[in-house]
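I opened my notebook to go through this structure step by step. Here is what I looked up, in the order I looked.

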Amino acid sequence: MNKHLLSIHDVTADDIVRILDTAESFREVGSRVIKKVPALRGRTVVNLFYENSTRTRISFELAAKRLSADVINFSTGGSSVAKGESLKDTALTLQAMGADAIVIRHSSSGSPLTLTKWVRGSVLNAGDGTHEHPTQALLDLYTMRERLGRLEELRVAIVGDVLHSRVARSLSFALVKMGAEVTLVGPPTLIPADAPAWGVQVSYELESVLPKLDVCYMLRVQRERQRQQYFPSVREYSRLFGLSAGRVGMLPQGSLIMHPGPMNRGVEIDSDVADLPQAVIEEQVTNGIAVRMALLYLLLGGGAEAAWAPGEGTNEQEAVPAAREGAA
Amino acid sequence: MNEHILIRGARVVDPAAGRDEVADVLVADGVVAPPEGASAGATVLEAGGLVLAPGLVDPHTHLREPGREDKETVETGCRAAALGGFTAVSPMANTDPVADHAGVIHEVRDLGIRAGLCDVFPVGAITKGLQGEAMAEIGEMVEAGVRMFSDDGTAVADTRLFRNALTYARAFDDVVIAEHCEDPALTEGGQMHEGYHSYSLGLAGRPRESEEIVVARDLAVARLTGGRLHLLHLSSAGSIDLVRRAKAEGLRVTAEVTPHHIAFTDEHLLTYDTNFKVNPPLRTPEDRDALRAALADGTIDVVGTDHAPHAVEEKEAEFDLAPPGTIGLETALAAVLTHLVGPGLMALARAVEAMSTVPARLVGAADHGGPIEPGRPANLVLFDPDAEWVVESPFASKSRNSAFLGTTLRGRVIHTVYRGELAVADGKAQR
């Protein structure tokens, strides 16, 4: 595995299988009474969030804490410029404080890659602008594999504002890498013109796609896009591309409905649809913690010399001697 | 001035005189003189293997003074120019205050005279404050010596205003209206060429059509008005086709390309390196190849550096927050030699024509661009077309945002003669 996770292009198909398998063994930790293992004890993980995102930050925070890492949350609403300190100076400060991993969320595409120029630790992209959100894609893959038993040849539609969606990019790249068949669905204004070069299909008609799906993945559509004239009205968007109660019946039996959250109930997805048993939106959230634990564990070199390996107990007494052995 | 410089055995490439031959050239008392008149104490430059050409003229520079002297001053910019083989530069009007009246024009030119490294021919703004709303006092600036007017940085979006500017400028001899061809609505928020890479990188695009739309409109307005139009830093293959047709039709139009647009493509943005963030953006290999061919065949008339210095902290930032632009004065000639002349895509004489002879006429630099004949002011460059070097910081420019950083270029300026004196000798600025 690479030292950083900036994009799905940083991982191979084999890496993805390894990440999902590792997550599998970590998920059990979340069901224990004491939800903690000493895998990253003494390591420091910084959550550097330039964009508000409660759910992703909490997910990363929980993941790091369940691995016994020290977690620092560094959040700022505006951009670095508005804040007065540059990304570079913030990075150098965190570097000086000895951060082992920096989880970054930023409104500017490419910021995580830029950050790697100034820090020695691992950088994890928790969503950058309209570029990528690789950990979301991996937790989505985990959820699909767990529910449907495979990723190869899964038929997945990603529906909505693909143009501005970092989730859609990462998920498309990851699914194509794993041999799934991806169709991007949305109004032509919100589908990148060159998307077929990603190895995906494109459709402008949701209803013709639904009957052939294993997974219908709905994207959040921001109302701001109406003001920017990407579509005439939220009403019309919903009529053409919303997953309504009526359309759910067109999905094959056993297919999944997914959404990265937060949902706009009544816009891209009907409220009743979001609460159906086949909608696994909360499972995605739960799985997110395990997948992010796996990523932190693997990126921080949790492999060979780790004090603890997945599957071991929570008892620190067992783990510490192993660490001494490794040190000797 | 009483200095004699005898340049011996250089290959003299002088398109204005239709000359390309090995010869001796004497510089005496600021002008070119017959070589047999050299005084006994003349400085002798052994120039075997070097090319002697008329000093280069950059019709498109940003010197940042007044206003952003932390990025560049007229003096540091002129030093960078001299080191790049230029004897004249035309700084654009987007200073603070804007060069939209004679006061700033005089100030910038005087700063150039004080620096004494090359001639400075300031460009005047087409509209007051570059706001695109009201025509600047073009007549006053013409009296102050301005020949080129431009709102470089943005297009003049108001077609009626643009029509009137092109028409109004006809009152003055040899005055040219130069356009930055990008449709503001189509490029708003755009960070790079719109295409496969922009979609994958998640960066908002600036489609090539945003340029072609303005080129097509401007050519139509040139036809309507009979005005003299110059199209800055073209980047798209489609624009070339439009210009080629307009020239065949007989419209009074010239066009420019930058060294970075003939050297690089949008693939260079894959690492979010902000030194490759420029407006108009670097486009595809097909566009780059079309630009190269168009410069070689004369459809594109001139090379302009669009030297755009920016502070380190501005460029070492998030990609969408970094300002667009690359510096270019110190690398322009080498870039053209490396990417066009070296591979045989363009004759050396055509390179000199596009970087000296034609831009000198464009900006009204009568003492520049050759011919290298007795009695003519001695503004000359001597360069080694085969010397390889790696582009490294620091530069003579105050800034170091060069898209060419770390690349190997072939061709290096050795001496620059400005008004009969060595502004650059053995690759070092003399003041």
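**Entry 1: chain A as a whole.** I began with a count, and chain A came out with 14 helices and 9 strands. I noted that this is a predicted model. Next I asked what share of chain A counts as buried. I found 50% of its 328 residues. Then I looked at the contacts in chain A with a separation of 6 or more, and 74% of them are between residues 24 or more positions apart.

**Entry 2: where the chains touch.** I turned to the two chains together and found 15 residues of chain B in contact with 22 residues of chain A. Which helix gives the most to the side of chain B that touches chain A? I wrote down α6 of chain B, residues 196-201, with 3 residues. I also sorted that side of chain B by class: 8 residues are nonpolar, 3 are polar and 4 are charged.

**Entry 3: a sheet in chain B.** I traced an open sheet of 3 strands in chain B, with the order β6-β7-β8 and parallel pairing. β6 (56-61) and β8 (119-120) of chain B each have a single partner strand, so they stand at the edges with one side lacking a neighbour in the sheet. A reminder to myself: strands of a sheet pair through backbone hydrogen bonds, either parallel or antiparallel. Looking at one pair, I found 4 bridges between β6(B) and β7(B), the latter being residues 86-91. In that pair, B:Asp58 stands opposite B:Val89 of β7(B). I then spotted helix α1 of chain B (residues 74-83) lying across β6, β7 and β8 of chain B, at about 135° to β7(B).

Entry 4: I picked α8 of chain B, residues 237-249. Its 13 residues reach 19 Å from first C-alpha to last, close to the expected 18 Å. Which residues of α8(B) are buried? I listed B:Ser239, B:Ile240, B:Leu242, B:Val243 and B:Ala246. They are on the same side of α8(B) because they cover an arc of only 165° around the axis.

Entry 5: Most residues other than glycine have a negative phi, and most peptide bonds are trans. I went looking for exceptions in chain B. A cis peptide bond joins B:Glu65 and B:Pro66, with omega about 5°, and B:Pro66 sits in the loop between β6 and α1 of chain B. Another cis bond joins B:Asn279 and B:Pro280, with omega about -10°; B:Pro280 is in the loop between α9 and α10 of chain B.

For phi, I noted B:Leu130, which has a positive value near 60° and lies in the loop between β8 and α3 of chain B. Is B:Leu130 buried or exposed? It counts as buried, because it has 22 C-beta neighbours inside 10 Å and the cut-off is 20 or more. B:Asp174 also has a positive phi, about 60°, and is in the loop between α4 and β10 of chain B. B:Asp174 has 13 C-beta neighbours inside 10 Å, so I logged this residue as partly exposed.

Methods
Residues numbered from 1 in each chain as written. Chains lettered and ligands numbered in written order. Predicted model: local features only at pLDDT ≥ 70, side-chain atom pairs only at ≥ 80, totals over all residues. Pairing = 2+ DSSP bridges. Helix = DSSP H or I, 4+ residues; strand = E, 2+ residues; numbered from the N terminus. Contact = placed C-beta atoms within 7 Å. Axes fitted to C-alpha atoms, helices over the stretch in contact; angles between N-to-C directions. Expected span 1.5 Å × (residues − 1). Buried ≥ 20, exposed ≤ 12 C-beta atoms within 10 Å, placed from the backbone. Arc of directions from axis to C-beta. Nonpolar A, V, L, I, M, F, W, Y, C, P; charged D, E, K, R; others polar.
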